[in-house]
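Biologist: I would like to learn how to read this model. Please take me through it feature by feature.

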Amino acid sequence: MRYGVSLAVLAACLGGLRSQAGAEGFRAGVAAVEISPETLPAIINGGFLRRDADQVRDPLFARAFVLDDGQTRIALCVVDTCMMPRELIDEAKALASDRAGIPTDRMMVSATHTHTAPAAMGCLGCPVDPAYAASLPSKLAEAIVEAASRLEPARVGGAVVDDFEHTFCRRWIYRSDRMLTDPFGLRTVRANMHPGHQNPDTIGPSGPVDPALSLLAIQAADGSPMGVLANYSMHYYGTEAISADYFGRFSTTVAEALGGGEGLVVSMSQGTSGDLMWMDYGAPAPDRDVISYADAVAEVALGALEGITYRDDVTLAMAETTLTLGRRLPDEERQTWARSVRSQMEGEEPRAIPEVYALEQFHLLDVPERELKLQAIRIGELGITAIPNEVYGITGLKLKAASPLPITMNIELANGADGYIPPPEQHALGGYTTWPARTAGLEVEAEPKIVAALVELLEQVSGASRRPIRPQGGSYAESVVELGPIAYFRLDELDGSQPANLMQGASARVEPGVALALPGPDRPALVGRNEGSNRAIHCAGGRLVAEAIELNDAYSLAFWFWNGLPSDARAVTGYLASIGPEGDSEAPGDHLGIGGTHHDVQPGRLFVFNGYHANDIRVGRSELPRGEWCHVVLVREGNRVRVFLNGETQPDIDAELPVTRPDHKATLVFGGRTDRFAGLEGKLDEVAVFDRALSAEEAGSLFEATTSEHAD
């Protein structure tokens with residue numbers, strides 16, 4: 001869905017925010033300074049190892065936007081480079097400060113993150129290009145100073161449009177039996193970047209997408225376009241060096257469509273794309289190139305620009321803070337490994353990935369903590385956060401959900417470059433973005449600390465409180481609640497290890513090995529009409545566990561599940577729900593699973609098992625589709641067990657099955673079994689627990705509630 005939001009329309013959302021601008025009114029100035037290397041060949045970073053390039057295929061620029069409301073002056077500068085250290089950026093700000101009349105804490109400088117620019121900083125196995133890095137501060141300062149010198153009366157507007165077609169999660173979860181080995185020689189990788197298109201070794205994406213293409217547009221007083229600052233969460237396209245990648249082509253295409261001219265500056269800034277990229281790995285590889293891609297994104301942006309209403313009475317605010325975070329340092333065993341690898345290297349420069357990560361351990365030990373510079377900016381009712389890291393799409397969603405401002409764009413790799421920052425739950429899945437190095441070395445809890453600091457800054461610049469993040473609504477939730485569950489976990493959280501129980505009371509937790517905020521069942525009733533996508537959890541070694549729910553011998557469990565594992569992969573494809581004593585190897589209790597290769601079950605069909613002592617198994621009659629959402633209701637009433645599937649009033653399983661659970665306070669598990677055998681490789685959503693046996697009609701009504709809105 002695409003939509004535009006005008007700052008003029010949204011001004012009423014923030015009553016009392018606007019103050020009288022200064023006597024000179026709102027002014028803006030823009031400038032672009034070329035920063036292509038003057039000396040070739042140049043060292044190129046953005047990969048694990050060093051590369052060199054001897055050709056400039058398209059020019060690189062530093063594009064600056066200076067805004068002044070008569071009381072506050074700020075500068076935003078977006079640079080065609082992979083990343084820049086804070087020290088280089090601070091030098092550039094100091095050079096520009098006196099000449100442009102802008103305090104350094106009113107400047108934001110960020111990298112586009114093209115992977116085909118000269119190395120402004122060292123990265124993994126690639127050293128810095130010293131001559132190029134030394135030349136950058138003066139050029140960045142020149143762009144800011146030139147933009148400030150061109151200040152003129154102006155007006156500004158903003159918009160945001162969802163573009164799901166051009167960015168996707170590039171970090172995919174691997175099957176438990178197809179895990180990868182990390183550079184340290186350990187088989188730890190459950191999720192990793194770039195698995196390849198339709199890779200049978202993978203299950204699905206490890207995180208959600210932030211689809212928002214956000215735009216800040218500037219016009220001169222006569223209505224002619226002056227500048228556009230865009231923001232989109234797409235990592236980079238991939239071009240031959242030296243190139244500005246799609247960021248440069250996007251800027252050129254939009255500028256030409258707006259009429260061009262030397263005084264018009266357009267820039268695409270980097271959004272929260274640490275785990276996002278243009279490839280949809282669930283589909284065949286597309287037939288396109290960087291030009292067609294950039295032009296397609298530009299077309300979306302141009303459509304949104306047409307709906308903007310501009311104002312000349314906006315005010316500005318900017319706030320900055322620092323946050324000191326520890327690094328994940330190598331233990332003695334890791335240090336011994338690193339010394340051994342280093343001792344066998346030929347020369348100073350690494351030639352293989354294990355050598356890269358061996359050397360990185362010593363860099364971490366040399367600098368055991370880092371100070372991050374974080375910023376928030378308000379331009380009228382549009383907010384900007386500046387983050388010196390590569391954060392995931394889910395982090396951007398958190399910031400936008402909590403922001404007090406109607407439009408918020410998140411610019412990463414701003415004011416420094418301190419590596420990938422996965423949310424805490426993603427660390428358990430391993431992969432490149434979690435391997436300790438300067439590019440991914442901060443503490444596990446870094447991401448929530450960064451989010452908390454940025455939301456406080458947004459509150460400061462807006463003068464308003466953060467928005468509360470509430471559970472999703474919808475007619476499905478209403479139908480569940482009407483049936484009176486004792487626990488109901490919607491599993492739509494963006495963060496945290498403790499899902500909310502809509503019925504209050506008993507709590508649950510998600511274990512390490514669970515990814516959050518993945519797409520759930522695509523049915524309007526689950527979230528309400530036009531309220532956005534439904535979210536679910538993905539079990540990849542972890543489970544949803546509720547330990548304080550007391551159930552007697554009459555109960556019901558209702559939920560949605562999505563299985564991603566083929567039925568010939570293992571003896572049991574995966575357990576969906578389990579109730580019994582935690583950790584008991586005899587597994588007394590009730591266990592609902594999907595059959596695999598074991599002779600007592602049917603591949604791809606539901607079954608109920610009551611533990612090894614009784615060893616009774618009851619198998620369903622329907623073959624389940626892999627990779628599709630299904631709705632299931634498990635009902636126990638004394639010794640009778642029924643399982644209803646996808647709204648059918650005739651049970652998929654209807655059988656006598658002796659009760660083997662020893663007490664009423666046993667652990668309740670979803671996405672696995674109480675003894676951790678054969679966990680689900682897939683997603684769960686909308687988990688409801690009832691302390692009574694639902695009727696066939698009640699079970700069917702839940703599924704019907706998710707489909708009824710399609711006919712409205």
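Biologist: How much space lies in the largest cavity?

Modeller: Rolling a probe the size of a water molecule over the atoms shows where empty space is left. Here the largest cavity holds about 50 Å³. A cavity is a set of points, on a 1 Å grid over the protein atoms alone, where a 1.4 Å probe fits but cannot get out. Points are joined across faces, edges and corners, and the volume is the space filled by probe spheres set on them. By this rule there is 1 cavity of 30 Å³ or more.

Biologist: What should I know about the model itself?

Modeller: It is predicted: local features need pLDDT of at least 70, side-chain atom pairs count only at pLDDT 80 or more, and totals for chains, interfaces and linings use all residues. Residues are numbered from 1 along each chain as its sequence is written, and side-chain values use heavy atoms, with hydrogens and water left out.

Biologist: Which residues line the largest cavity?

Modeller: Lining residues have an atom within 4 Å of a point. Here they are Leu491, Glu493, Asp495, Gly496, Ser497, Gln498, Pro499, Val510, Leu516 and Ile537.

Biologist: What is the strand order in the open sheet of 4 strands?

Modeller: Strands of a sheet pair through backbone hydrogen bonds, either parallel or antiparallel. This sheet runs S16-S17-S18-S20, with mixed pairing. Strands (E, at least two residues) and helices (H or I, at least four) are DSSP runs, numbered from the N terminus. Two strands pair if DSSP finds at least two bridges between them. Strand S16 (316–326) and strand S20 (407–412) are the edges, each pairing on one side only. Neighbouring strands are turned by 15 degrees against each other on average, direction ignored. Axes are lines fitted to C-alpha atoms, for helices over the stretch in contact, and angles run from 0 to 180 degrees between N-to-C directions.

Biologist: In which sense do S18 and S20 pair?

Modeller: Parallel, over 6 bridges, with S18 covering residues 382–387. Ala386 stands opposite Ile411 in S20.

Biologist: Which helices pack on this sheet, and where?

Modeller: Helix H8 (residues 393–402) touches S18 and S20, and its direction makes about 145 degrees with that of S20. Contact means heavy atoms within 4.5 Å. Helix H10 (residues 446–462) lies across S16, S17 (369–379), S18 and S20, at about 30 degrees to S17.

Biologist: How many residues of H8 are buried?

Modeller: Buried means under 20% relative accessible area, with exposed over 50% and partly exposed in between (1.4 Å probe, protein chains only). In H8, 8 of the 10 residues are buried, so the helix is largely enclosed by the rest of the structure.

Biologist: Ile384 lies in S18. Is Ile384 buried or exposed?

Modeller: Ile384 counts as buried because its relative accessibility is 0%. Beyond four places in sequence, its contacts include Ile377 and Ile379, Met409 and Ile411, and Leu458.

Biologist: Which residues of the largest nonpolar core touch the most other members?

Modeller: In soluble globular proteins, nonpolar side chains tend to be buried together. A nonpolar core is a set of buried Ala, Val, Leu, Ile, Met, Phe, Trp, Tyr and Cys residues joined through side-chain atoms within 4.5 Å. The largest has 56 residues, and Val79, Met84, Val109, Leu140, Ile144 and Tyr357 touch the most other members. Elements giving two or more residues include helix H2 (86–100), helix H3 (130–149) and helix H7 (353–366). H3 gives the most, with 10 residues. Leaving out residues up to four places away, Val109 touches Val79, Met84, Leu140 and Ile144, among others. A second, separate core of 46 residues includes Ile394, Ala546, Leu551 and Val643.

Biologist: What is the order in the open sheet of 3 strands?

Modeller: S10-S9-S11, with antiparallel pairing. S10 (191–193) and S11 (202–205) are the edge strands. The twist averages 35 degrees from one strand to the next. S9 (residues 171–174) is joined to S11 by 3 bridges, and to S10 by 3 bridges. Ile173 stands opposite Gly204 in S11, while Arg171 has Met193 in S10 as its bridge partner.

Note on methods: 1 Å grid on protein atoms, 1.4 Å probe; cavity = no way out; pocket = protein on both sides within 12 Å on 5 of 7 lines; lining within 4 Å.
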